[in-house]
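Dear colleague,

Please find the structure below.

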Amino acid sequence: MTQTQGSDLSQTTTPPGQTVLGDVVVPDKPALEGLEDKWSARWKADDTYAFDRTQPRENVYSIDTPPPTVSGSLHVGHVFSYTHPDLIARYRRMTGKSVFYPMGWDDNGLPTERRVQNYYGVRCDPSLPYDADFTPPEKPDAKKQVPISRPNFVELCEQLVLEDEKVFETLWRRLGLSVDWSQHYTTIGPKAQAVSQRAFLRNFARGEAYLQEAPTLWDVTFQSAVAQAELEAREYPGAYHRIAFHRPDGEPVFIETTRPELIPAVVALIAHPDDERYQPLFGTTVTSPIFGVEIPVHPHPLAEPDKGAGIAMCCTFGDLTDVTWWRELQLPVRTIIGRDGRLHRETPEWLTGESAADDWADLGGKTTFSAREAMVEKVRASGDLDGEPTPTQRMANFYEKGDKPLEIVSTRQWYLANGGRDAGVRQEMLERGAEITWVPTHMKHRYDNWVGGLNGDWLISRQRFFGVPFPVWYPLDDQGEPDYAHPLLPREDQLPVDPSTDAPGGYDEGRRGRPGGFIGDPDVMDTWATSSLSPQIAGGWTTDDDLFARVFPMDLCTQAHDIIRTWLFSRVVRSHLESQTAPWTHALISGFILDPDRKKMSKSKGNVVVPTEILEKFGADAVRWRAALARPGMDSPFDETQMKVGRRLAMKVLNVSKYVLNVGATSRETFAVSEPIDCALLGRLANVVTRATEAFEAYDYTTALEVTEKFFWEFCDDYVELVKERAYADDSPATASAKATLAIALHTQLRLLAPFLPYVTEEVWSWWQEGSIHTQAWPTVAELGAAAAADAGLVDAVATALTGIRGAKSQAKVSMRAELARVEISGPEALVRAAEQAEGDLRRTGRIVGDLVFTVDGQATELSVAAELAPTD
């Protein structure tokens, strides 16, 4: 057994590979490998991050973090953005708050359905009965999917998401998220279904939710309605066609259109009120080519005189402008495109010409693309096509997950009031946004712009299968027709319900689909309609009143800036409608993580960085360090080599901690700190504590890391090197001062770094302290004692002098252990006198065996060092 030099602590029996100094156990060769498995298991076993629900609301900090889509795949951007709220959670926990930090899984909706279809080789056919003995194909074929019932399909969805959730939880645990996993939820589970259905029933009772047949953005591939927030404008190739309509006297009125297949759906021609070319036509009619339908001509300010011919077709419906014209001018509905994206097979009733049926026969049942080609041939043959089509690139609306332009079809859908049709509600949504503290502040403009640009209420129904069903049935009359005006609703204590398998009160299953019986609403809620209630689901709204009172409204929501318009806004809507408050006080918005060429990462571009790869290669602490450098709201390019810097920091924490503890620096008695340089170091550390705390309070975790890390490296490179000889010297007060300063500084810095590097700081903490570092108190200036008021500028002067001494040896190409015969430190008086206060440390560290001279130079602006080597044998 060996005695550590300079230690006043007795050793006990030493385990292999470790040095034991009293209650301190330090590995001989500390390493980062294995820390994640070790400490994530310990945190789980000890419930380190469990929420203490006995705390009053004022001592609770609650976080609403976005439930990731488990059917998708995570990339490094997710890892970064989910690290950010964890930094805040860890800080708040150390300030004494009981942190409510649940994790949810967004596991319903289209992404899960698509994954199940491909994974199992099945497709949902709601007309099929449930098969209790169904098993998926042994060799799934995504191209030849087996039709199964909706209940069977939902069962497969539920099975697959469970496996996906396990993978996600493993990744989040390895990343070190301090989530209370006992509070986790899913957006498809019974709890979420009950909350979603209850909120809907209350919205309906108050008139905020309503059923309406209206023009609907429709994805023909997924056979589902699409909300405004899910739109994505993309360029799409097309062609302008100059086509003649005809006045009563036969004179042509030319329009230019990229959608000639919609000529049978034209309900008006529209020109600007001030366009003199068409003013004589207002109030008259023209006839459409091929079909000869009389079409009125109307003025409207949205018409663009300088675009095309300056007069446009209004069809029901070609685009959103058509919807506006149709609504404001009270035009008829003439829809010709069905939900499958094909033109209706039967001849529309308004096409009454002698050849209408024959002409329609060439169009009916065709896709819009094929119908367009057929219509162009017809107008070309009739002479109504002026010239040939001119190729162009037009902007078209796509579903964000789709690959074909959206159509607008007339469908019956559920809507929720969000201010899109009511200026008063819109103003209330803006006021709710103003109640929130935005980080960074300019993100509020994105919210305001979105709310101000709403053009309709929130469409919340989807024609899918795996989702939260609307708790609604409709009675059937004697002819078997649904009475949509008088829906049948369950009681709240009956929730959750599934109208596709449950019967409404007063009916039995045998009357489903029969005259005088009932049918269930076939639709499910948009996934945002459920995740918009994440604070209510996680917080126990209507199911755990005590918990809800302690956590709601929440303190923080975190997310990327691209879903301000969806997830953030939708939660504000639901909270406003139900509780007349904003759902949280702060919104922390993260930016995108870009590839090195500053392009957004996506699987289609092949530039996605897989999280497990960088976690395996560099470790969670290094990844978290890099994530913390991405400031709120700012896009950040990703470079893998940056992780090496974070790993180097984590390794340095291990090594410098080993050194400090091995010299016996474990006592943190502030009264022992007496030497000027020691006091100055703690004075500087006090500034760091103040700045890091202020930064965290402002949700500026990046600045908190920067000031802490800068001090840490100065501590390692300058202070530790300066005092290590003194720390080993003897039992003098000067030695005791060095040891106490080292211990205090280490103890404080570990806690400052803990939110960023949870694994390495927990490991070092365990060498010499009880409990978890993550449940310790956040550092304060007061605990640094009287030394906290010392002049921190002394540290810079001494560090400069030490650097000069090292530089002189480097220039002479000798070892840092080489002795010096004479050293002169000169410069401005204030700096010279400051350096002089550390004369003993400079002499010992610099191995100065001769004169150490301090010279004031009134002309100098900085310190300089001149040195002479001592003669060697």
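A cavity here is a set of points, on a 1 Å grid over the protein atoms alone, where a 1.4 Å probe fits but cannot get out; its lining residues have an atom within 4 Å of a point. Grid points are joined across faces, edges and corners, and a volume is the space filled by probe spheres set on the points. By this rule there are eight cavities of 30 Å³ or more.

This is a predicted model, in which local features need pLDDT of at least 70 and side-chain atom pairs count only at pLDDT 80 or more, while totals for chains, interfaces and linings use all residues. Residues are numbered from 1 along each chain as its sequence is written, and side-chain values use heavy atoms, with hydrogens and water left out.

The second largest cavity holds about 50 Å³ of space. Its lining consists of I677, D718, Y719, L722, V795, V798, A799 and L802. Helix 19 (701-729) and helix 22 (793-811) each give at least two of the lining residues; helices (H or I, at least four residues) and strands (E, at least two) are DSSP runs numbered from the N terminus. Helix 22 has the largest share, with four residues. By class, seven lining residues are nonpolar, none is polar and one is charged (Ala, Val, Leu, Ile, Met, Phe, Trp, Tyr, Cys and Pro count as nonpolar, Asp, Glu, Lys and Arg as charged, and the others, Gly among them, as polar).

An open sheet is made of five strands in the order 4-3-25-26-19, with parallel pairing; two strands pair if DSSP finds at least two bridges between them. Strand 4 (98-100) and strand 19 (437-439) are at the edges with a single partner strand each, so one side of each has no neighbour in the sheet. Strand 25 (residues 554-560) and strand 26 (residues 584-590) pair in the parallel sense over six bridges. T558 has L588 in strand 26 as its bridge partner.

In helix 16 (residues 620-628), nine of the nine residues are buried, so this helix is largely enclosed by the rest of the structure. Buried means under 20% relative accessible area, exposed over 50%, and partly exposed in between (1.4 Å probe, protein chains only). Among the buried residues of helix 16 are D621, R624, W625 and R626.

The structure has zero disulfides (a disulfide is a pair of cysteine sulfur atoms within 2.5 Å). For C124, the nearest cysteine sulfur is that of C157, 8.3 Å away. C124 is buried at a relative accessible area of 10%, and C679 also counts as buried, at 17%.

Regards

Key. On a 1 Å grid over the protein atoms alone, a cavity is a set of points where a 1.4 Å probe fits but cannot get out, and a pocket is an open set with protein on both sides within 12 Å along at least five of seven lines; lining residues have an atom within 4 Å of a point.
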